[in-house]
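These are my notebook entries on a structure that I consulted for the first time. I set down each item as I looked it up.

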Amino acid sequence: MDIEVFRSDTRAWLEANCPADMRTPMGEEDICWGGRKFVFRSPAQKQWLEVMADRGWTVPSWPKAYGGGGLSGDEQKVLAEEMQRIKARPPLQSFGIWMLGPALLQFGSEEQKRHYLPQIARGEIRWCQGYSEPGAGSDLAGLQTKGVDTGDHFEVTGQKIWTSYADKADWIFCLVRTEPDEKKHTGISFLLFDMESAGVSTKPIKLISGASPFCETFFDAVKVPKDQIVGARGQGWTIAKYLLTHEREMIGAADSALFAKSDLAEDAVSAIGLDNTGRLDDPMLRAEMGQFLVDEICFDAHLGMTGAYMRAGHELGARSAELKYLGTELNKRRQSLRVAAGGSDDLVWDGAAYDAGQTAKDWLRSKANTIEGGTSEVMLSILSKAVLKLPG
Amino acid sequence: MSMELLSEDQQLIVDSAAGFLRDGHSIAAFRTLRAAGDDANGAILPELAEMGWMGIVIPEELGGVGLGYRSAGLIAEELGRNLTVSPFVSSAILAGTALVSAGGDIGCIWTPQIAAGGAVFALAVDEVAKHRPERISTTVTGASDGLKLNGRKTYVVDGAIADRLIVTAKRGDDLCLVLCDPQVAGVTRAPQMMLDHRNAATVFFEDVAISEADILAQGPAAEDVLAKTLAAGRAIGAAEQLGVAKAAAEQTYDYLRTRKQFGVLIGQFQALQHRAADLYCELAQVSSLIASALNALDEDSDEVETLTRAAKAKMARVGRQATEEGVQMHGGIGMTDEMDLGLFMKRDRALTEFLGDAGYHTEWILRQRCI
């Protein structure tokens, strides 16, 4: 289809179908995660998810056969631009969309794709990711959760940690050591199972921000049918690495999705004021902000170029580590500057005033950005070996 | 390592530029020029013109090839990598942009000359040690039939070899862009050799007789032409600096892969690996920013000022990182003239100062955001 026809059709459709309430700025609590337990915050949120899912536009790039929109790279870009034009909220966000979906598209069987992907696209099943363990953080491949082959199923026993929203998720995609005699990286399999299975329990972890987005997740002899393995036995690490590249792209690019992107400059001026030359009345902070603004413009340009590169059909591969590193380090600086600009107002923790400490909580939350999904140091090690080919 | 998508034409430019410069105008050639005290590299101009580079941003109807700024940036990056001495930025980019955007008869006369390499132009915009194009005490005075140009311009890159200068001056409160033949009475040029073995001249104008026809643009029109010209120069200057930085970084990565100490390759040390990888990330993102700035120039978008200034500011910081890390990671050998790192460091430093450093352009961005 001619791209400009697609644009005008899309514009008209969005105008007609995107509820007015879904065109306003959103906070973290407004995200539609979907799933069995999800409670819609408004009828408009539910309606928006349904009409978008009917069109396959919750996952515009996926094939239509799996609940996607089947859009070309150019069409995806147009859809994103047109949604941005009317400030339409994303109808659905989930680890299913960001991570499991791409992994299934690449490694899943046809049957698995037809079963799991439409559920993700429609927001029916909410997924969590079972990767890290108490003894396997940066050294993820050292994971010890075991899956014992009992003939018709795997019996999974062990513990995961930092499982995002495990207490709210319906299913988990999980790395499990099924081949104990194989080497570290080749003994892992990629299993899918229901969080309501007998033997699964979760315990939220309270973080420095006061929130509990992460859980400890325990598996006590959980029975996982054998057809719920993705790829071959022992192929889990390959799938995990592929999926991590998607996670890193997502985290690297996600500052706008996960954090309110208020105008830093405006906030600083209203809190600190200007001197008699019209400059922020805090020269050191101003200088730091200047460097940050330049870096922000730079990273936005890089994301734009990277997006075009990927839409042209290229894979980022190890270079997803580059986006992850740059994006998360930048976001930490952004949050530090926001708190510095706000002064004590932004250190208010409780109550109705000053957004109930949201700025301070965002600032604290951002400290995890350079840890989750692989630390900055792990990213630099990956780049030095995979891209720069420095000796190991 | 680039993620920017290039058209077939652009890829051809990169390949032919890399080949041409490697064969005749490499760093070895730069060292030969330096040893001979030659800061002009006169032989290169007809070759650049022959390849169409001198007319790269000049439209075909004005005698150029009109391939645009993105393509010009790719050439500049290769010039940077090879430390090639040429009037490409001064004449093809700065004067090319100024004359094309000024329009008028006088532009039409000179643009084919620039493209053909028949004349070299230089831009005289600064009067102090830092780039401050808004501070102008050079004046155009007198009645229309007897105009005089008076003042002094500093660090005019290629000013000593230029056949014509484009000079910023004030006529009353109006900005003027004045075309000036440096051979006429009243113009004195004092060439200075800079640390990067490039020439920058101080040019004195004392009651230089000019005519109305020599005024390329005046008032708001001149402001527009100058803004466009400086934006183009910043982006292309940053692209050249990117080439310098990438060359320094690549030599450094190579060294990390081959140099042994303590019985191991030094690239095995995580302290160095992480610094090298950080540099790599910075180079990757500044590459994208510079490409975006050049695309904005080609599209004449509203983002030109912001992107070209951000590109120049960011490149100054990344260029310094690349060259300083290069010397440090090489250790003592990196301090020797025999290695190229010092040459990169000197060229990088000069390009940082050229058309404004990180502080200057960051200040503009802060002011634009009203802080």
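Entry 1. I looked up the handedness with which two helices of chain B cross, and I found that α7(B) passes α8(B) in a left-handed crossing. I note that the model is a predicted one.

Entry 2. I then took the geometry of this pair. Helix α7 of chain B covers residues 220-258 and helix α8 of chain B covers residues 270-299. Their axes lie 10 Å apart, and the packing angle is about 155°. Angles over 145 degrees count as roughly antiparallel, and α7(B) and α8(B) are therefore roughly antiparallel to each other.

Entry 3. Which residues of the two helices meet? On α7(B) I listed, among them, B:Ala231, B:Ala235, B:Leu242, B:Lys246, B:Thr252 and B:Tyr253. On α8(B) the list includes B:Leu272, B:Leu279, B:Val286, B:Ser287, B:Ile290 and B:Leu297. By class, I recorded 19 nonpolar, two polar and one charged residues in the contact of α7(B) with α8(B).

Entry 4. I turned to the contact between the chains, to which chain B gives 34 residues and chain A gives 36 residues. On the side of chain B, the elements that supply two or more residues are α7, α8, α9 (304-330) and α11 (358-368). The largest share of that side, 14 residues, comes from α8(B). I classed the side of chain B that touches chain A as 19 nonpolar, nine polar and six charged residues.

Entry 5. Lastly, I looked up how chain A is divided. Its domains are domain 1 (3-93), domain 2 (127-234) and domain 3 (254-387). Taken over C-alpha atoms, the centres of domain 1 and domain 2 of chain A are 31 Å apart.

Methods: Residues are numbered from 1 along each chain as its sequence is written. Chains are lettered from A and ligands numbered from 1 in the order in which they are written. This is a predicted model: local features need pLDDT of at least 70, side-chain atom pairs count only at pLDDT 80 or more; totals for chains, interfaces and linings use all residues. Domain bounds come from an automatic or database domain assignment. Axes are lines fitted to C-alpha atoms, for helices over the stretch in contact, and angles run from 0 to 180 degrees between N-to-C directions. Helices (H or I, at least four residues) and strands (E, at least two) are DSSP runs, numbered from the N terminus. Angles under 35 degrees count as roughly parallel, over 145 as roughly antiparallel, 65 to 115 as roughly perpendicular and the rest as oblique. A crossing is left-handed if the near helix is turned anticlockwise from the far one by less than a right angle, and right-handed if clockwise. Two residues are in contact if their C-beta atoms, placed from the backbone, lie within 7 Å. Ala, Val, Leu, Ile, Met, Phe, Trp, Tyr, Cys and Pro count as nonpolar, Asp, Glu, Lys and Arg as charged, and the others, Gly among them, as polar.
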